[in-house]
Number of protein chains: 2
Amino acid sequence: MADSGSKLHPLDLYDMTAAEPRLGSSNMVDTFSYDTLFSEGSTDTPLNPGLHAKYDFATAYPAPETLPLDGLIQSLQAAVDRDSTKVLAELAYYPHQLGALELREYTAEKLAADRGFTVTADEIALTNGSGEALGLVIQALTDPGDIVLAEEFVYMGTTSQLRRFGADVRGVAMDEGGIIPQALDEQVTALTAAGETPKYLYTIPEHQNPMGSTLSGERRKEILKIAHKHNLPILEDDCYVDLRYKGDVQPAFRALDDSGIVVYVASYSKLLAPGLRLGYFTASPELMRRALSFKLGSGPNQFAAVAIEGYLRNNLESHRDNFNPILEAKCDSMVVALEEHFGDSGATWSIPEGGCYVWLTMPESSDISTIRDKVFDQGVGYVAGPNFEADASGRIGKNCARLCFAFESVEKNAEGIALLAQLFKQHGAM
Amino acid sequence: MADSGSKLHPLDLYDMTAAEPRLGSSNMVDTFSYDTLFSEGSTDTPLNPGLHAKYDFATAYPAPETLPLDGLIQSLQAAVDRDSTKVLAELAYYPHQLGALELREYTAEKLAADRGFTVTADEIALTNGSGEALGLVIQALTDPGDIVLAEEFVYMGTTSQLRRFGADVRGVAMDEGGIIPQALDEQVTALTAAGETPKYLYTIPEHQNPMGSTLSGERRKEILKIAHKHNLPILEDDCYVDLRYKGDVQPAFRALDDSGIVVYVASYSKLLAPGLRLGYFTASPELMRRALSFKLGSGPNQFAAVAIEGYLRNNLESHRDNFNPILEAKCDSMVVALEEHFGDSGATWSIPEGGCYVWLTMPESSDISTIRDKVFDQGVGYVAGPNFEADASGRIGKNCARLCFAFESVEKNAEGIALLAQLFKQHGAM
């Protein structure tokens with residue numbers, strides 16, 4: 001072996017004749033430095049510590065008490081009892097890039113029944129949650145510097161992926177009914193005239209995150225017309241559609257248009273459980289192939305897929321019938337508490353027909369963003385408005401917060417909102 | 001709404017007053033063209049059709065009959081019976097970026113017991129199979145044009161990811177004992193002298209894919225010394241370590257070195273089932289953070305994690321005691337059949353101590369790469385050597401094939417090898 005000079009090598013410290021591996025000890029050797037080795041595209045991003053306030057209105061959880069854990073396990077067992085060879089073969093194979101066939105077939109049936117459009121199982125790709133689906137489509141459509149449009153306040157998980165892949169995200173004006181079609185048309189026209197033609201539009205049309213708004217069918221048709229006029233694909237994130245407890249479901253963009261201009265993304269995370277990590281998307285064939293070429297590894301886990309398919313095929317209606325009244329009661333308790341404790345403050349809030357979120361808007365002069373950590377430490381978690389700002393400019397949202405009403409109980413929603421009002425007063429925010 | 005001119009828009013075809021969404025019909029509208037919209041980095045890659053030959057020696061499957069399906073489901077049910085609130089909470093939360101804590105704790109215990117090194121649960125990240133782990137680490141360490149070293153024949157899933165992220169992969173000379181340390185040292189020295197300093201080394205030291213070779217502890221120590229001399233991190237892929245049925249396990253690179261120069265990747269896909277999609281990695285803290293910043297979404301599925309942790313905590317030894325004799329019998333039947341049918345052909349083959357693969361080398365003049373599709377159609381699947389060539393140069397491997405002995409039965413291994421010899425003769429390859 002080559003001698004590398006007089007400097008003692010870390011390995012010289014080892015007994016080179018020892019048969020047994022040495023147990024690790026962090027003081028034995030120099031620490032290897034990666035300083036010159038990290039890729040230019042990598043960033044040293046702290047991990048999320050995963051903390052939760054006593055009253056957790058911060059993050060996007062469905063109601064845990066409705067999670068059909070026994071039903072999922074029984075469905076898995078039933079699939080094994082029915083045909084263990086088939087289930088064994090599915091688990092013993094690396095999943096197809098599109099994911100488990102049975103769940104894709106079920107998903108196609110569900111989309112036809114619930115969302116009014118027909119695709120085949122081979123036109124659906126299952127993913128590790130809708131986050132992976134969005135990331136794959138974004139990579140297939142985004143070059144660094146591309147302008148991408150989204151609602152002016154929108155899910156930060158998507159905008160952070162958009163920025164990571166180089167998009168310059170611009171917010172589109174909204175009102176309580178979601179994106180304002182005419183504002184979209186004027187914005188695209190102006191951007192195009194300035195040589196900044198936007199690449200596509202990302203939108204959550206049903207029970208929007210964080211605003212809770214739903215686009216009417218009429219607005220969707222107008223937006224599709226604008227999209228075709230400007231050659232602007234629509235990336236439709238329909239992950240909350242199953243969580244409607246009042247009002248009428250609106251047609252998916254995808255159900256109104258077969259041209260391929262709509263990419264449809266959805267998820268079983270909200271209907272069943274985030275921890276199952278099963279989302280999906282459907283798009284025109286070449287876009288699907290290009291998106292899937294960005295996958296790191298094969299399709300998502302078959303174990304959860306077998307359980308989900310078996311459970312939902314027999315229990316979708318009863319599950320939703322159980323689930324949505326609970327969501328409604330939780331929403332009601334939060335809204336009633338907001339009326340009681342914020343009614344005189346000049347604040348306004350959205351009253352959603354489904355989903356998980358109420359969007360609280362305090363008077364313009366109120367800054368509830370900078371006091372967020374203090375309020376969290378004192379017991380109430382929320383996500384401050386600037387986190388959702390599409391263009392991350394810091395211009396708007398300091399007086400706003402997303403309140404998730406779905407995770408805590410009816411009682412804790414009421415208690416938490418009372419405490420929130422008290423803390424806002426304490427910190428001079430109302 | 002602005003009028004976009006005289007051309008009829010696709011949306012004009014719709015009844016804009018209809019309350020109901022329209023069922024999809026692919027002939028209603030023009031097909032939207034993405035031709036100018038795909039990202040420069042995207043490629044139109046066909047999906048894998050997922051075909052299997054009658055005798056499937058082609059792909060990397062463990063023995064499906066050993067998959068503890070009932071045990072996994074019972075473990076999941078037992079975890080629910082023990083503490084349903086805890087399991088509910090885990091499934092109802094989005095997984096931590098590192099994945100389920102209990103499985104990380106178990107993995108840390110398993111690494112200490114089986115691989116002789118100690119890390120904490122917070123130094124382990126669970127991933128959607130080891131493919132995701134490798135993809136994340138590769139992104140954190142690779143800039144386009146970087147030279148990365150790997151065994152001269154090596155797992156194509158990794159080399160395809162390396163190339164996707166811009167690596168120029170170069171093969172390191174091997175013999176039946178794996179990488180030849182002196183060859184590595186000379187190659188790195190020569191590359192560095194030519195201004196082409198390699199960035200890191202990717203290696204599968206135990207039951208290598210596709211060669212079946214295992215690096216001795218002595219060679220690993222020599223390679224670590226070379227790695228420190230040249231500032232060359234080692235990306236250690238230990239996914240086959242649980243699949244040893246004879247001989248002595250060799251120390252992991254990671255167990256021989258605490259400096260951070262070793263990134264350790266492994267998986268539960270081979271020990272339990274690929275369809276569970278649970279791999280993991282551990283690396284120095286900043287490298288882990290940078291790698292995880294490339295994740296599309298949160299940690300892997302909690303459902304499988306709960307089942308795996310519960311099952312392995314109680315059954316690891318009995319599972320391996322059941323699993324590995326079956327693998328050995330399958331390997332033996334393939335090797336005996338090779339002796340019987342290829343003994344006079346001038347062919348050689350590896351005789352592994354574990355894993356899933358025999359590497360068949362026909363005489364230099366024999367080309368079993370170009371006849372692969374014909375042989376597949378006639379009933380025997382294998383992966384031809386050039387698919388594993390590290391640098392994809394097409395220089396070597398046409399006379400080689402990877403034969404997976406783990407998926408088919410003992411009987412089918414014998415029958416399939418007999419048929420393979422007959423087909424090679426028919427196509428003039430022996």
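**Stop 1: a sheet in chain B**

Select β11, β12, β15 and β14 of chain B: these four strands form an open, antiparallel sheet in the order β11-β12-β15-β14. Keep in mind that the model on screen is predicted. Now colour the two edges. They are β11 (348–349) and β14 (383–384) of chain B, each of which pairs on one side only.

Zoom in on β14(B) and its partner β15 (residues 400–404) of chain B. Two bridges hold this antiparallel pair. Pick B:V383 and look across to β15(B): its bridge partner there is B:R402.

**Stop 2**

What does B:C404 touch, apart from its neighbours within four places in sequence? Its contacts are B:F57, B:A58, B:T59, B:A60, B:Y61, B:C356 and B:Y357.

B:C404 also belongs to the largest nonpolar core, which has 274 residues. The residues with the most contacts inside that core are A:V137, A:I308, A:C404, B:V137, B:I308 and B:C404. Select those six together. Nonpolar side chains tend to be buried together in soluble globular proteins.

**Stop 3: the two chains together**

Show both chains. A rotation of 180°, with 0.0 Å of shift along its axis, places chain B on chain A with an RMSD of 0.0 Å. The two copies are therefore related as by a two-fold rotation axis. They use the same surface: 100% of the contact residues of chain B recur in chain A.

Next, select the contact itself. Chain B gives 110 residues and chain A gives 111. On the chain B side, the elements that give two or more residues include α1 (69–82), α4 (129–141) and α9 (302–342). Colour that side by residue type: 54 are nonpolar, 36 polar and 20 charged.

**Stop 4: β10 of chain A**

Select β10 (residues 279–282) of chain A. Are its faces buried or exposed? Both are covered: A:G279 and A:F281 are buried on one side, A:Y280 and A:T282 on the other.

β2 (residues 125–127) of chain A runs antiparallel to β10(A), over three bridges. β9 (residues 262–267) of chain A is also antiparallel to β10(A), joined by four bridges. Centre on A:Y280. A:L126 has A:Y280 as its bridge partner, and A:A266 stands opposite A:Y280 too.

**Stop 5: helix α7 of chain A**

Select residues 217–230 of chain A. This helix, α7, has 14 residues and reaches 20 Å from first C-alpha to last, close to the 20 Å expected. It is mostly covered, with 10 of its 14 residues buried. Among them are A:G217, A:I223, A:L224 and A:H228. To see what the buried residues of α7(A) pack against, show β6 (178–179), α6 (181–193), β7 (200–203) and β8 (234–237) of chain A.

**Stop 6**

Most residues other than glycine have a negative phi, and most peptide bonds are trans. Here are some exceptions.

- Go to the loop between β7 and α7 of chain A, where A:P210 sits. The A:N209 to A:P210 peptide bond is cis, with omega about 15°.
- Chain B has a cis bond from B:N209 to B:P210, with omega near 15°.
- Step past α7(A) to A:N231, in the loop between α7 and β8 of chain A. A:N231 is not a glycine, yet its phi is positive, about 60°. A:N231 is partly exposed, with 18 other C-beta atoms within 10 Å.
- Finish at A:A392, in the loop between β14 (383–384) and β15 (400–404) of chain A. Its phi is positive, near 50°. A:A392 counts as partly exposed, with 15 C-beta neighbours inside 10 Å.

Methods: Residues are numbered from 1 along each chain as its sequence is written. Chains are lettered from A and ligands numbered from 1 in the order in which they are written. This is a predicted model: local features need pLDDT of at least 70, side-chain atom pairs count only at pLDDT 80 or more; totals for chains, interfaces and linings use all residues. Copies are superposed by least squares on the C-alpha atoms of residues with pLDDT of at least 70 in both. Two residues are in contact if their C-beta atoms, placed from the backbone, lie within 7 Å. Ala, Val, Leu, Ile, Met, Phe, Trp, Tyr, Cys and Pro count as nonpolar, Asp, Glu, Lys and Arg as charged, and the others, Gly among them, as polar. A residue is buried if 20 or more other C-beta atoms lie within 10 Å of its own, exposed if 12 or fewer, and partly exposed in between; C-beta atoms are placed from the backbone. Two strands pair if DSSP finds at least two bridges between them. A nonpolar core is a set of buried Ala, Val, Leu, Ile, Met, Phe, Trp, Tyr and Cys residues joined through C-beta atoms within 7 Å. The expected span of a helix is 1.5 Å times one less than its number of residues.
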